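This report walks through one structure, part by part. Please keep the sequence and the 3D view at hand while reading.

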Amino acid sequence: MYAYDTLDQTFVEQRTAQFREQVRRRLANELSEDEFKPLRLRNGLYLQLHAYMLRVAIPYGLLSADQLRALARIARRYDRGYGHFTTRQNIQFNWIRLEDAPDILNDLAAAEMHAVQTSGNCIRNITTDQFAGVAADEIDDPRPWAEIIRQWSTNHPEFSFLPRKFKVAVTGSASDRSAMRVHDIGVRLTRGIDGEIGFEIWVGGGLGRTPMIAQLLRGFLPKEHLLGYLEAILRVYNVEGRRDNLYKSRIKILVSALGIEKFRELVEAEWNQITDPGLQLGDAEISRVRAHFRPPQYADLPGRSPEFEAKRLEDAAFARWAKANLFPHERPGYAAVTISLKPIGGVPGDLTAAQMEAVASLADAYSFSEIRVTHRQNLVLAHVPQHRLYDLWRALDALDLATPNLSRVTDIIACPGLDYCGLATARSIPIAQRLSERLAALDEQYDLDQLTINISGCVNSCSHHHVGHIGILGLEKGGAESYQITLGGSSAEDVAVGRIVGPGFGAVDVVDAVETILITYLGQREDGERFLDTVRRVGQDPFRDALYKQP
Amino acid sequence: MQIIRLIAGQPVTDIDVWARIGDDDPLPESAPALVSLARWQSAGAGLARRNVAVGVWLASDEVLDGLISDLERLDLIALDFPNLNDGRHFTTARLLRERHGFRGEIRATGQVLRDQLFAMARCGFDSFELQAHQDTAAAHEAFSEISVVFQPAADGRAAAQAIRAGGAGAHASAS
Amino acid sequence: MPKRVITANRLVDGAVVWRDGAGRWREEIDHAAASDDDETVARMLAGARTDEAAGVVIGPYEVEVEQAAVSRKLLPTHLRERIRAGGPTVVPN
């Protein structure tokens, strides 16, 4: 993975020193909250319901075992012993003191980490596919490109005060495992006519109050022009994006208002005038960055492991986990393992300091000391030899990290919601917990695979509920929590925004409502089709009738 | 009013010699005059004939289009920041420097916080009106707090990428 | 008029705090000064705003509360404020 050189290290240390001074001025009342707020946001520090929250950047979700240990130390020393992984592959600490923030950033810098640009109206974490570098369907590893974009966007002087936040995702294959189509800019690796690497550039996707799907801005961008083209898009947005209305200031609104053709005209006109050779990506730089992402020293293994096969027959629990949580690796004999952070009845996406340290050790032992964070709030050990999977599973099981539910109905994505977040209108975690408990048995009996439930505690939709197969949006109605259900969303390459099924449900009834939806699905499903396909085939009516029609 | 100016890249506190003139007010005889874009566009030729320096200020939603052909006649362009979130003129300054080769003074006015000075300087601003309550001397430090940059901008500083490649500008390393 | 208390977040650690009768900021809502008189509440809020300007707290505002008859415990009427007063309703894993 990317290793800092003196330049990178100097930057995070100077940035930390700069923020330390800003905190000192705030605590000495030399800065008002209005003046300080954009500064602390730019360093990932929010003020939430109960305390400050620090969002630490995990660039494109990639962590070393040492970095995960550093996060564990921070959780222990400065927080309440746990952290929360987010839908943008970052980690959040919920109980931070402002006066500790500079020391925390110091500790992060020592581990080549930071909280730069994880909030504020600037370019945020560049996210990608959790199976980058190991997926067989990849055209090219997206991570070097994500790293190149990350560097260019770091402390960009022109784009630090954008109309609104800006999110970029990079995907390396036709399968979209990074929700690329609902980002402000989506970059998809592709090949040109001569077989050379280049990019599709998508623009104007986003969730929140007005979900929109990104449109194709350019079908093929040669690789050397990546940064120049992105600069052109950001410049047009910085100048033309609306600043009069908080809810209309994302680039998706601008693209929608102008239309993609007019928007493209503006971008291409600007791009044609960008001639700075410093923005051109030379082969030397591309090679330099790629060198940080070379595959690990894989062993030469047979495609199938007799030990693995034998254990699967022997141990039913292991077999269940192997069926759900493994992703085929492009190297024979290896597998990418998903560590589910969704224990039945637990808080989705959380990990204790002790668990972090244990996972770090497992990464050392089983996966070349590398861990990935997925945008579904799980972790991945991407390079595990098949014949060692059983031992790994036993170790994970002892840590309560072996729930066999990747992409299944209990693999719920939930934002922190009203229990933690100052923006929320309803709680999400308790709903996720109750749903998980209720549906675990149903899943076991009826096989509820390829079924995601996303629960957001407000319209900002941090859990991406608009693109959940079942989306739940928690609002406030007459002083009580009211949950609106959407069906048929998808964040994959068959991207779609879910449709509201009907009036909302109270906290007491929403779990029953979801169960009713699933039972309706089971009654309608043909040939074991997944939930999304059933909804697309039969429409909303059967579900609406089951939920609302008086018998 | 005290302003900060960058002279050979170094911050210096200076006295402001410019007078901002209202649209209906007469121009001073011998003091540098800063007028609105609207006034320049209606009286530009007349203003340029004076022997004293003339400048134009742009509100945050005003753009350069009407000014490009007149840049040679301007000694100062002042770009206004009405609040801490409006970043449009970071682009305006860069375009002035990098695309249109403007060599006069580019000044940041309005809600200018010391914490924005570094980014502003990188975008081509070379003078800054800080608000009254800010410590001008301490603000000088803001220009040198960060010595590593990751992208080219108007200041011509070598980005990390270029330094690593040992290419053009690499000699102008982290300074 | 319903009873109201004044709340804010403490600057140094972001903790939820409640203004008591002596103008001090307390961590437990039970120590908060409650009043149903508009003028009193306005005065309490003005005092809180002075503390904000002095860099003690951030963003003070009024919260409507009910007072239990026997225990005299203060309970915010709004769910969001009940969670601020009582902490998250979920237990970490």
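## Ground rules

Two strands count as paired if DSSP finds at least two bridges between them. Helices (H or I, at least four residues) and strands (E, at least two) are DSSP runs, numbered from the N terminus.

This is a predicted model, in which local features need pLDDT of at least 70, side-chain atom pairs count only at pLDDT 80 or more, and totals for chains, interfaces and linings use all residues. Residues are numbered from 1 along each chain as its sequence is written, while chains are lettered from A and ligands numbered from 1 in the order in which they are written.

## A sheet in chain A

Chain A holds an open sheet of 5 strands with antiparallel pairing, in the order β1-β2-β5-β4-β13. Strands β1 (45–47) and β13 (350–352) of chain A stand at the edges. Each has a single partner strand, so one side of each is left without a neighbour in the sheet. From one strand to the next, the twist averages 30°.

Strand β4 (residues 82–85) of chain A runs antiparallel to β13(A), and 3 bridges join the two. One residue pair can be named here: His84(A) has Asp350(A) in β13(A) as its bridge partner.

## Helices across the sheet

Angles run from 0 to 180 degrees between N-to-C directions, and axes are lines fitted to C-alpha atoms, for helices over the stretch in contact. Residues are in contact if their C-beta atoms, placed from the backbone, lie within 7 Å.

Helix α3 (residues 65–78) of chain A lies across β2 (52–56), β4 and β5 (91–96) of chain A. It runs at about 15° to β5(A). Helix α12 (residues 353–366) of chain A lies across β4 and β13 of chain A, at about 85° to β13(A).

## A helix pair

Helix α3(A) also packs against helix α4 (residues 101–110) of chain A. Their axes are 10 Å apart, at an angle of about 160°. That makes α3(A) roughly antiparallel to α4(A), a term for angles over 145 degrees.

Which residues of α3(A) meet α4(A)? They are Ala70(A), Arg73(A), Ile74(A) and Tyr78(A), and they face Ile104(A), Asp107(A) and Leu108(A) in α4(A). The contact has 5 nonpolar, no polar and 2 charged residues. Here Ala, Val, Leu, Ile, Met, Phe, Trp, Tyr, Cys and Pro count as nonpolar, Asp, Glu, Lys and Arg as charged, and the others, Gly among them, as polar.

## Domains of chain A

Chain A is divided into domain 1 (6–110), domain 2 (134–292), domain 3 (306–398) and domain 4 (413–548). Such bounds come from an automatic or database domain assignment. The C-alpha centres of domains 1 and 3 of chain A lie 29 Å apart.

In this pair, 21 residues of domain 1 of chain A contact 20 residues of domain 3 of chain A. On the domain 1 side, β3 (62–64), α3 and β4 of chain A each supply at least two residues.

## Where chain A meets chain C

The contact takes 26 residues from chain A and 21 residues from chain C. On the chain A side, β13 and α14 (429–446) of chain A give two or more residues. The largest share, 3 residues, comes from α14(A). The chain A side divides into 13 nonpolar, 6 polar and 7 charged residues.

Notes: Contact = placed C-beta atoms within 7 Å. Parallel < 35°, antiparallel > 145°, perpendicular 65-115°, else oblique.
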